[in-house]
Amino acid sequence: MRLLVFKLFYTGMAFIISTHAFGQDSISVNDSIERTKQYRSVWDSFIPKYVKLQYAGGMGFLAIGSGWDYGNKKQWESDFLIGWLPRYTGKQSQLVFTIKQNYIPWSLHINGKVILRPLHTGLYITSTMGRDYWIKEPDSYPDSYYGFSTRLRINAFIGQQLTFLFRQEKPLLAKSITCYYEISSNDLYIVSAVTNSYLQPQDYLKLSLGVKVQLL
Amino acid sequence: MKKIVLLVSFCFVLESCDLFEYSPYDGKITGERNINSKNISRIEESCEGKKVIRFAFISDTQRWYDETQACVQSINNRDDLDFVIHGGDLTDFGATNEFKWQRDILNALTIPYVALLGNHDCLANGQQVFESIFGSSNFSFLAGNMKFVCLNTNALEYDYSQAVPDYQYIENELNDSRSQYEKTVVAMHARPFSEQFNNNTSGLFQYYTKQFRGMQFCLNGHEHQLHQVDLFNDGIVYYGVSNIDKHRYYIFTITNESYNYEVVSF
């Protein structure tokens with residue numbers, strides 16, 4: 001099923017690109033170059049712009065992934081991360097997949113080398129692999145028996161970033177490196193916290209640390 | 001390479017700190033474990049030789065932390081109880097922290113308690129966390145001349161593919177020939193005929209439980225309702241306790257001649 005969706009997506013993209021690129025009926029050399037450029041530029045936008053490594057935050061012990069930044073001031077970032085959750089009490093270690101949407105509205109240039117981003121916020125959904133975790137409860141249960149998913153967690157976070165720019169003249173691998181922290185909570189903890197004064201912020205708010213290496 | 005080693009060791013140092021969480025289902029247990037077996041030793045010791053036993057029965061405390069705390073307070077205010085039985089559903093989502101939060105609240109009880117496995121406690125990796133913190137899902141203990149048999153009856157959680165209720169376990173308990181006990185009480189989370197129970201075996205369950213030495217009555221949670229029902233019309237009453245949100249629990253007193261119960265509102 002997942003593979004099918006993936007294939008359909010790429011066939012669709014290829015179709016759009018090809019109709020776009022071959023749509024003009026000119027055959028000059030310049031147009032041919034232009035066409036190739038256009039075709040490449042569309043695919044180029046699919047190349048991830050950075051890699052991220054995040055510790056904790058419900059994404060597993062360590063999650064690694066990459067994503068894309070966009071917007072006028074690159075204030076939006078979309079990530080995909082894969083995390084590893086070691087075995088503590090369960091039967092085995094688990095993989096945790098995360099899709100994450102970040103919003104970073106302000107950038108303060110401290111000097112030529114350092115940028116402070118005082119607000120970093122957003123949402124992410126984690127998906128825990130393993131057959132004990134379901135998206136929708138199995139059919140063996142009466143209708144809406146539990147009414148939530150053990151596999152998917154919706155998380156909200158707020159944090160800050162500090163970016164260190166690398167000198168451009170030196171042929172380094174990366175453009176910049178960003179360190180960030182996030183304070184997050186998930187849907188289960190939030191519904192528990194709103195109805196119980198017993199739960200304190202340290203019970204339902206969790207800290208997470210990350211590093212972003214900007215490649216493009 | 002050196003930096004990576006440093007980073008990883010830094011992460012391991014941070015791991016010991018509760019500020020960071022790898023998953024709400026990480027199964028990372030800090031604090032006390034094996035509570036049932038520790039408390040059973042306390043109960044068996046303090047009740048030894050007793051012919052009158054008085055205990056509280058609470059259940060379904062999931063995601064009602066404030067109410068559970070109030071209940072613990074109410075029980076602590078009395079000094080006539082021997083122990084507390086929790087009928088299961090300590091957690092709503094089977095998340096690791098929910099077990100820890102409930103454990104920490106219940107640990108404030110001045111008298112020992114034991115906890116049964118509820119259907120919500122089986123969600124995700126909940127059962128393994130339950131077993132680590134509290135103990136196995138079928139267990140029994142003696143209190144004075146009484147025996148308490150606590151059974152996992154959440155068959156639906158295993159899609160009926162495991163021995164729930166475990167009749168082999170029940171048979172072993174039936175064959176318990178120790179002379180110290182004269183009466184038996186059976187506790188469970190979901191009673192027969194509930195949607196959790198393996199109802200194909202309800203009759204068998206009745207047949208087996210009736211054979212316990214000096215069978216008194218059954219206790220159950222799960223229904224979120226107070227009820228006293230003779231489910232099989234055989235004289236064995238099922239006492240169902242409400243969820244903790246309704247601010248009620250049972251107190252049972254078993255004497256030489258008979259038993260009685262009261263409903264406490266707090």
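Q: What helix and strand content does the chain have over residues 53-225 of chain B, and how far apart are the end C-alpha atoms?
A: In this predicted model, that stretch is 28% helix and 21% strand, with its end C-alpha atoms 25 Å apart. Helices (H or I, at least four residues) and strands (E, at least two) are DSSP runs, numbered from the N terminus.

Q: What does UniProt list for residues 53-225 of chain B?
A: An unreviewed UniProt entry gives "domain: Calcineurin-like phosphoesterase". Such annotations may be inferred rather than shown by experiment.

Q: What does B:G240 touch, leaving out residues up to four places away in sequence?
A: Contact requires C-beta atoms, placed from the backbone, within 7 Å. The partners of B:G240 are B:R191, B:N220, B:E223, B:Q225, B:L226 and B:H227. B:G240 itself lies in strand β9 (residues 238-240) of chain B.

Q: How many residues does each chain bring to the contact?
A: Chain A gives 30 residues and chain B gives 28 residues. On the side of chain A that touches chain B, β9(A) supplies the largest share, three residues.

Residues are numbered from 1 along each chain as its sequence is written. Local features need pLDDT of at least 70, and side-chain atom pairs count only at pLDDT 80 or more, while totals for chains, interfaces and linings use all residues.

Definitions and conventions. Chains are lettered from A and ligands numbered from 1 in the order in which they are written. Two residues are in contact if their C-beta atoms, placed from the backbone, lie within 7 Å.
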